[in-house]
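Please look over the chain shown here. The report that follows moves from single residues to the overall fold.

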Amino acid sequence: MSRYFTEEHELFRKSFQEFLQKEVVPHVDKWEETGTIERFIWKKFGEMGYFGLNQPEEYGGMALDLFYTIIFLEELQKVNSGGFAAAMWAHAYLAMTHLKVEASHELKEKYLTPAIEGEMIGCLGISEPFGGSDVAGMKTTAVKKGDHYVINGSKTFITNGVYADFYVVAAKTDPDKGNKGMSMFLLDKEFAGISANKLNKLGWRASDTAELAFDNVIVPVENLLGEEGMGFNYIMQHFALERLIMGVNAHARSEFALEYTMGYMQEREAFGRSLDKFQALRHTVAEMVSEVEVIKEFNYATTQRLNDGEYVVKEASMSKLLATKISDEVMYKCLQMLGGYGYMEDYPLARMFRDSRLGPIGGGTSEILKEIIAKMVIDKKEYKPAAK
């Protein structure tokens, strides 16, 4: 056992691996081709408790430590569908995290419990067509009128946005107040005025990614999440987990690519010997494995701190920045080692290569992360968690 994973953790890993091989892997190629993940798998994940790992028991969760989440993320990367993995973790850790922390008891009973059970699919709507990583530049508005808000605007690059049953949406309740004028809302797919347009992506083909439009959507005041004007604080608070998730995903897919590539090198021969006997290739692998091992250890240490209640926005930003960069380099080099076969869709590296490229873009681009880290280490800026 490692210092981070107990025997119980490893038993969970083994059972989850078996579940994925039986229930997910046989369908992955179809979902990649159609861009639609069938509803039955959400329900199976829910029945097994996989969406409730870090959720309160009161609403059907298991309230487990964050290393169960790490295992969940790592094993999802090994089915070789970044899109499928993203659909699962975006539901469980983007949309549902806001419900867990900010929703009222009534909203949790109505949406969080069915989300844990896999009966409802959720998505998180923050990025906008003209904003991207600039959360503060948000244009979507929520105007309060008596017992409801009227929401107008649009969101883009929203994972699960096409097939979602509910949307956690950020909107400006007071546009004149900048960051302090933003709030979070829960919208039901049944609300009139919501439309979704499916986007055609380079990678993550299995997941549905949407551009959402809100046209005078009437939202009851009860569907405000947390306090009005606290939306930006909530988003920043949860970014640490989101960025760490993407860092963990990156080290896991790097390991998966390396494992496959090393197996290929053992079997493939050139000039009378297997590829793993050529020094140039051996040393390239040694370098890649070293980089992945270092960032993985950093990710585990950061997870431990987050699990202990520390606010790890700097470390999580570093995790995503470096792990996704390493992952892209690993995919590039591993594909090269397969030669012509690496370029064929029948071999797994082509999909891994495409899926990995989203890492330095989604959830805050590498350029944005560099500036956040620079503000903290050069300007000595301190980010604080939202008041509980």
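## A loop residue and its surroundings

M62 sits in the loop that links helix 3 (39–47) to helix 4 (66–76). The model is a predicted one. M62 is partly exposed, at a relative accessible area of 36%. Leaving out neighbours within four places in sequence, its contacts are G49, G52, L53, Q55 and E57. E310 lies 248 residues away from M62 in sequence, and the two C-alpha atoms are 21 Å apart in space.

## Helix 4

At its start, a side-chain oxygen of D65 comes to within 2.8 Å of the backbone nitrogen of F67. How many residues of helix 4 are buried? Eleven of the eleven are, so the helix is largely enclosed by the rest of the structure. The buried residues include L66, F67, Y68 and T69. E74 and E75 are also among them. What do these buried residues pack against? Their partners are helix 1 (7–23), helix 3, helix 5 (82–102), helix 7 and helix 8 (279–307).

## Buried positions

Helix 3 holds I41. This residue is buried, with a relative accessible area of 0%. Beyond its neighbours within four places in sequence, I41 is in contact with F19, E23, V24, W31 and F84. G118 is 77 residues from I41 along the chain, yet their C-alpha atoms are separated by 8.3 Å.

H251 belongs to helix 7 (residues 231–267). It counts as buried because its relative accessibility is 1%, and the cut-off for buried is under 20%. Setting aside residues within four places in sequence, H251 contacts E74, V292, I295, K296, N299 and Y300. E74 is one of the buried residues of helix 4.

D165 is a loop residue, placed between strand 3 (148–159) and strand 4 (166–172). Is D165 buried or exposed? It is buried, with a relative accessible area of 6%. Not counting residues up to four places away in sequence, D165 touches R39, E119, M120, I121, L187, D188 and K189.

## A surface patch

Y341 lies in the loop between helix 9 (313–337) and helix 10 (348–356). It is partly exposed, with a relative accessible area of 34%. Together with Y343 and M344, Y341 forms a nonpolar patch on the surface. The accessible area of the three residues together is about 360 Å².

The table sets out the accessibility of the residues discussed.

| Residue | Relative accessible area | Class |
|---|---|---|
| I41 | 0% | buried |
| M62 | 36% | partly exposed |
| D165 | 6% | buried |
| H251 | 1% | buried |
| Y341 | 34% | partly exposed |

## The chain as a whole

The protein chain has eleven helices and ten strands. Its radius of gyration is 21 Å, close to the 21 Å given by the globule rule for 388 residues, so the chain is as compact as a globular protein of that length. The C-alpha trace spans about 80 × 50 × 40 Å along its principal axes.

Buried residues account for 55% of the 388 residues. The accessible surface comes to about 17600 Å², and carbon and sulfur atoms contribute 53% of it. What share of contacts between residues at least 6 apart in sequence join residues at least 24 apart? The share is 75%.

Key. Residues numbered from 1 in each chain as written. Predicted model: local features only at pLDDT ≥ 70, side-chain atom pairs only at ≥ 80, totals over all residues. Heavy atoms only, no water. Patch = residues over 30% accessible without salt bridge, like charges linked within 9 Å, V, L, I, M, F, W, Y side chains within 5 Å. Areas by Shrake-Rupley, 256 points an atom, 1.4 Å probe, with all protein chains shown as cover. Salt bridge = Lys/Arg side-chain N within 4 Å of Asp/Glu carboxyl O. Helix = DSSP H or I, 4+ residues; strand = E, 2+ residues; numbered from the N terminus. Buried < 20%, exposed > 50% of the residue type's maximum accessible area, 1.4 Å probe, protein only. Rg over C-alpha atoms; globule rule 2.2 N^0.38 Å. Contact = heavy atoms within 4.5 Å. Polar contact = N/O pair within 3.5 Å; in protein donor to acceptor, adjacent residues only side chain to side chain.
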